[in-house]
Amino acid sequence: MSELTLTLKKELIVPIDASIISPTNLAGKTVGEIENLELWRGNRKVKLNEVFHVEGKSEDEEENLIVRLIGDFSKARGLGFKMKKGTLIIDGNTGLRLGEKMKGGLIKVNGNAGSWLGSEMSGGTIEVEGGAGDFVGAGYRGGKEGMRGGKIVIKGKCGAEAGAWMSNGVIKIYGDSGIFPGMHMKGGTIFIKGNCEGRAGAEMKDGKIVILGHLPSVLPSFDIEEIRASVKVEEEKISGPFYLFTGDINEEGIGKLYVSVDSNSQLKFWEKFLESVI
Amino acid sequence: MSEILIKNGFVFDPLNNINGEKMDIAIKSGKIVEKVSSKAKVIDASHMIVMPGGVDIHSHIAGSKVNSGRVLRPEDHVKDYEVKTKVTRSGVGYSVPSTFTTGYRYAKMGYTTVFEPATPPLKTRHTHEELRDTPIIDKGCFPLLGNNWFIMEYLKEGKLEECAAYVSWLLNAVKGYAIKIVNPGGTEAWGWGKGISHLDEEVPYFNVTPREIVRWLCKINNILNLPHPIHIHTNNLGKPGNYVTTIETMDAVKDLSKNGKVSIHITHVQFNGFAGTSWLNLASGAPEIANYINKNTHVEIDIGQVIFSDTTTMTADGPFQYILYLLSREKWVNADVEAETGAGIVPFRYKKSNYVNAIQWGIGLELALLIKDPWKVHMTTDHPNGGPFTHYPKVIAWLMSKKARERIINKINKNAKRRLDLPGIDREYTPYEIAIITRAATAKSLGLKNKGHLGTGADADIAIYDLDYEKLNPSEDYKLIKKAFKQAAYTIKNGEIVAKNGEIVASPKGKIYWVNSKVSDDIQKVMLENLKTKFEEYYTVKMENYIINESYLHDSFMLNVQSEV
Amino acid sequence: MEKTIYNVVCTVCGCCCDDLEVKVKDGKIIDVKNACAVSLSKFQNYSNEERIVKPMIKENGEFKEYSFDEAIEKASKILAEAEYPLIYGLSLTSTEAVGKAVELAEVLGGVIDNTTSVCHGPSLIGVHDIGVVTCTLGEVKNRADLIIYWASNPVFSHPRHLARYTVFSKGKFRKERKERKLVVVDVRKTATAKLADMFIQVAPNQDYELLSALRMAVKGEEIYLDEVAGVPTSKIEELADLMISCEFGILFFGLGLTMSLGKSRNIDAALSLVRDLNERTKFLIMPMRGHYNVTGANEVIAWQTGYPFAVDFTQGYPRYNPGETTTIEILTRGECDAALIIGSDPAAHFPVSAVKHLMKIPVITVDPHKNATTLISTIVIPTAITGIESGGTIYRMDGVPLECKKLVEPPLGVKSDEEILTEILTNVKKFKE
């Protein structure tokens with residue numbers, strides 16, 4: 001195992017396109033070569049060493065390389081872009097599109113992540129100690145293709161539209177989630193331990209959403225199917241009981257929305273429809 | 001202006017009967033001349049083919065629905081972008097490229113003239129704004145008239161000459177080039193969410209039929225002496241069995257051929273060349289259509305070839321586009337235009353493994369190969385409906401090489417392969433014939449006297465392709481053919497070198513061609529008096545604001561055309 | 001000498017009424033016919049005390065008058081040196097001017113955005129995913145027997161909309177008011193709602209739920225709940241029936257839908273609803289674009305770059321991602337280092353966090369009037385008012401392009417947006433060499 005450390009020399013003012021920073025791109029290069037790599041700072045191309053101190057050692061085996069970033073990366077966009085193997089650790093906050101199109105490896109954020117975390121990813125794991133912005137594991141505008149695989153774990157809260165258009169993979173949010181998690185979802189699993197702002201599973205076609213906390217209401221385009229004692233998320237069995245809703249009927253969806261019974265007394269009135277469901 | 005001498009190329013100039021002759025082409029002040037001085041810049045075209053610049057008769061590159069297509073598909077653009085250079089603006093491509101990119105990409109392929117084939121008159125100002133921003137190529141646009149309320153009412157009242165005066169006025173008002181008809185009567189029925197399924201079905205409220213509309217506009221085209229025949233996208237596009245409608249439509253104006261000239265251009269016939277009764281037994285109607293065309297002189301077509309790729313369909317055939325949405329459940333744009341026409345846009349992917357798509361792919365090629373006279377055939381993909389225009393080199397290769405076709409035939413859906421005649425067709429287009437269907441015939445059909453050929457006096461719009469004619473064995477060398485046509489060695493526009501080996505080296509503005517149709521003052525006056533009140537009842541704009549001044553076009557080429565009335 | 005100019009295109013709201021008659025005497029507008037109250041107000045007040053007529057540069061916190069050339073040169077230098085410049089505004093000018101701004105953004109390697117991003121941006125974002133089933137306004141005038149205004153109050157925002165295009169208009173197939181039905185959906189009973197045949201009061205921020213229920217009803221699916229978004233289910237079903245049984249329906253929607261909870265997904269639901277309705281009858285949808293050329297700005301940015309707004313040229317080609325490349329977010333993240341504001345007042349309208357950043361960077365404002373943004377600017381360049389003092393192409397809310405006229409001369413020395421941008425472009429190109 002080798003570790004490369006990139007420390008921000010000074011506070012970023014204009015944003016940088018940091019998509020070159022990942023074990024995939026830095027493996028097999030000397031520190032000197034890495035320092036000479038170019039990236040965009042606003043509309044200027046600058047050398048990496050103008051923005052970072054580079055220390056440590058790279059190595060040829062991508063999967064054994066740890067790249068550690070130190071500083072406030074809130075204005076760094078696209079870190080870990082298309083990453084395949086290895087480990088990327090950020091000791092600080094990160095900006096937009098962290099882990100975009102990731103294929104494998106591990107990204108750890110010891111701070112908060114910006115919006116579009118793991119956008120269009122197909123493999124690998126992203127772990128965030130803090131919170132994340134909007135569009136976790138979502139897709140590009142008009143593309144109708146979100147996350148296709150891999151795993152995102154957020155210890156804090158996240159914004160709106162987590163898992164929009166996702167077709168596979170797992171998103172776990174331990175804090176609260178913003179509105180519209182699982183928007184247009186086609187598959188995969190979203191697990192929300194905290195509260196959800198609302199409109200869970202809007203226009204979903206398939207997939208599974210599990211909410212342990214409070215969900216103010218369920219969309220009128222969902223059916224209540226039954227009350228389940230537990231639900232599986234990945235291989236873990238999570239105790240309920242859960243209301244199981246299916247929908248979104250407007251999209252002829254067969255997605256499953258599991259909502260904790262105990263945290264949602266305001267949803268109790270849905271039980272009276274259980275008899276009328278054939 | 002500078003002089004250029006293109007030396008030792010193999011020249012293909014069908015309009016002047018030159019078939020691969022090794023000769024020099026001289027250019028001076030933007031025109032082709034007999035000879036030039038010793039000061040001329042010399043281009044050594046040894047071992048290369050020299051042709052007139054490509055003339056694309058039908059490609060959706062500018063206007064309201066094209067732009068809606070751009071907005072609809074940001075995901076199409078991210079895949080394919082162009083970084084700015086010292087000479088070129090940046091842009092995006094793939095199936096609905098931005099305007100600068102459109103001009104550059106055509107120029108790189110050796111094309112120098114392109115016509116936008118479907119513009120709603122009310123929104124044609126938009127089309128001209130986009131054409132102005134499409135660099136290098138000369139262009140023009142065809143206003144949509146086949147569902148126009150005024151025309152249908154003139155038709156019902158039998159006022160032929162007054163209607164001719166109206167069409168003349170409209171072409172001038174919006175600076176259009178030819179009469180375009182899309183799903184005659186059908187797009188108006190779609191204004192109520194309905195459709196029309198045969199030539200003699202009456203349009204709701206207007207009570208005229210598609211057959212009557214087509215004949216009427218054909219007569220008006222004759223009266224106005226317009227340079228291009230009526231350009232028509234027939235009824236029932238995309239429906240199994242529709243080849244019958246296509247033949248009926250061609251036949252409907254057979255007697256209206258003026259002085260033996262072509263009386264009808266049917267566009268993207270592939271989409272209207274379906275035999276069979278359902279998607280399950282869809283077959284090619286190309287043999288029947290080719291048979292008809294081989295026996296008649298009043299028809300010409302462009303093929304609308306399908307490319308196996310992701311693309312964006314966009315036409316003024318609102319109801320057809322809705323059906324395509326229902327079949328594909330893709331995103332769908334619809335944009336009806338008051339008193340005139342409509343539009344629809346649906347992204348689409350043609351797959352080799354899909355039976356229907358494979359048959360479609362076969363139909364386009366069969367049309368080109370079964371129609372004997374290449375002067376009746378124009379090569380198009382109905383960009384972007386069949387596929388992006390950047391795939392033209394593939395189509396050229398398929399037409400020139402049976403082997404190139406076989407490579408694809410062996411990969412397409414097996415049932416389709418069995419069903420098509422294509423595998424058994426040996427014909428291969430010669431370079432001369434390719435020059436006909438991509439430049440000579442199209443220029444002739446459009447009445448562009450100074451384009452599509454290399455005779456003295458012609459515009460110096462020239463493409464030089466890196467293909468050694470002497471050594472070329474097109475049947476075998478289809479990969480070379482594709483490569484050569486993808487990236488002209490030189491593209492010359494108006495006597496200026498604009499592209500070299502796939503790089504744009506100059507970006508002059510092209511001209512917008514439009515027809516200034518002249519009718520007598522008397523009939524014009526009567527027509528306008530009668531038009532004024534109705535105009536403002538039907539439209540939501542004033543007549544004065546509907547009219548586009550010539551200066552608006554920036555660089556325009558006015559073609560004066562005297563009518564018979 | 002007095003003259004009347006006919007068929008003048010109004011440059012205020014998205015209606016772009018083109019039947020104004022303007023009387024001009026001695027280079028001044030003395031009367032306007034056919035204009036609504038809002039339009040009349042513009043014609044009467046455009047040259048009030050807030051009018052700027054000389055370029056100004058801020059020195060030591062005070063504005064000093066400078067020549068046009070000096071202001072352009074200084075502005076060009078600031079923009080040329082910036083690493084992440086932003087051009088914003090552009091909805092109150094011609095497409096020709098916006099086209100120049102796009103070219104400028106490309107040369108600068110900056111971001112170009114227009115007011116769409118705070119207005120109907122969500123509508124365009126909805127279109128990217130769903131598409132849109134729409135038409136021109138004349139189709140509504142001629143055919144519509146059901147008109148719905150949702151979260152839009154045209155009596156105030158687009159005063160002549162009803163008379164020219166909808167319920168009070170006279171069309172080929174609908175000649176009288178009684179041949180049409182008007183439905184208004186809003187959070188309170190607006191002036192437009194008072195004219196409606198049916199008014200539905202939706203609970204604030206619950207439009208998405210209502211649209212979801214309406215989609216269910218249109219599809220013939222049973223809604224279990226008695227009430228959705230504060231609207232009784234029976235009423236929702238009544239509206240669905242009205243929509244299904246009409247011959248030609250149209251749904252106009254406004255900022256109440258784009259800017260309330262859900263934003264682009266509210267529009268997504270509305271677009272999907274209308275699309276679904278086409279399986280039962282003819283139904284269309286249209287956003288009530290506010291400014292007279294916000295639509296045109298989207299059109300020209302789209303045909304030149306592929307994307308309708310929020311385009312980032314920093315890497316030499318167009319990139320688009322609303323939320324990343326849109327103005328408020330860029331400002332809130334504190335990312336841009338120079339701004340060119342054309343015909344807009346972000347300092348008055350943007351969130352405080354965005355305005356705070358705007359105050360930290362050099363701002364060049366091109367505007368005819370003093371406003372909050374000019375106050376915080378480094379350089380202010382006066383401009384001619386499009387549609388009155390300069391002409392150009394504009395696009396009505398339904399995409400119909402019109403040419404607006406120059407009626408009178410601008411104040412001496414004041415140029416049009418297009419001319420100003422052309423000058424800046426020339427200067428910036430020199431600096432960049």
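Reader: Which side chain does the side chain of B:Asp76 join in a polar contact of 3.0 Å?

Author: In this predicted model, B:Asp76 lies in helix α2 of chain B, which spans residues 74–78. Leaving out residues up to four places away in sequence, B:Asp76 touches B:Gly93, B:Tyr94, B:Val96 and B:Asp310, among others. The partner of its side chain in the polar contact of 3.0 Å is B:Ser95.

Reader: Does B:Asp76 count as buried or exposed, and why?

Author: A residue counts as buried under 20% relative accessible area. The relative accessibility of B:Asp76 is 0%, and therefore B:Asp76 counts as buried.

Reader: Which residues have the most contacts inside the largest nonpolar core?

Author: The largest nonpolar core has 333 residues.

Reader: What area do chain B and chain C bury between them?

Author: The size of an interface is often given as the accessible area lost when the parts come together. Here the contact takes 58 residues from chain B and 65 residues from chain C. Carbon and sulfur atoms hold 51% of the buried area, which comes to about 5100 Å².

Reader: Which residue meets B:Arg89 in a salt bridge?

Author: B:Arg89, B:Trp192 and B:Thr540 are the residues of chain B that lose the most area to chain C. Across this interface the rule finds 10 salt bridges. In the one that involves the side chain of B:Arg89, the N to O distance is 3.0 Å and the partner is C:Glu106.

Reader: Which three residues supply 20% of the area that chain C buries against chain A?

Author: In this interface, 51 residues of chain C are in contact with 41 residues of chain A. The two chains bury about 3800 Å² between them, 48% of it on carbon and sulfur atoms. More of the area on the side of chain C comes from these three than from any other three residues: C:Glu83, C:Tyr224 and C:Arg265.

Reader: How many salt bridges does the rule find across the interface of chain C and chain A?

Author: One of them joins A:Glu203 and C:Arg215, with the closest N and O atoms 3.9 Å apart. This distance falls within the 4 Å limit for a salt bridge. Across the whole interface of chain C and chain A, the number of salt bridges found is eight.

Notes: Residues numbered from 1 in each chain as written. Chains lettered and ligands numbered in written order. Predicted model: local features only at pLDDT ≥ 70, side-chain atom pairs only at ≥ 80, totals over all residues. Heavy atoms only, no water. Core = buried A, V, L, I, M, F, W, Y, C linked by side-chain atoms within 4.5 Å. Buried < 20%, exposed > 50% of the residue type's maximum accessible area, 1.4 Å probe, protein only. Contact = heavy atoms within 4.5 Å. Buried area = accessible area lost by both parts, 1.4 Å probe. Helix = DSSP H or I, 4+ residues; strand = E, 2+ residues; numbered from the N terminus. Polar contact = N/O pair within 3.5 Å; in protein donor to acceptor, adjacent residues only side chain to side chain.
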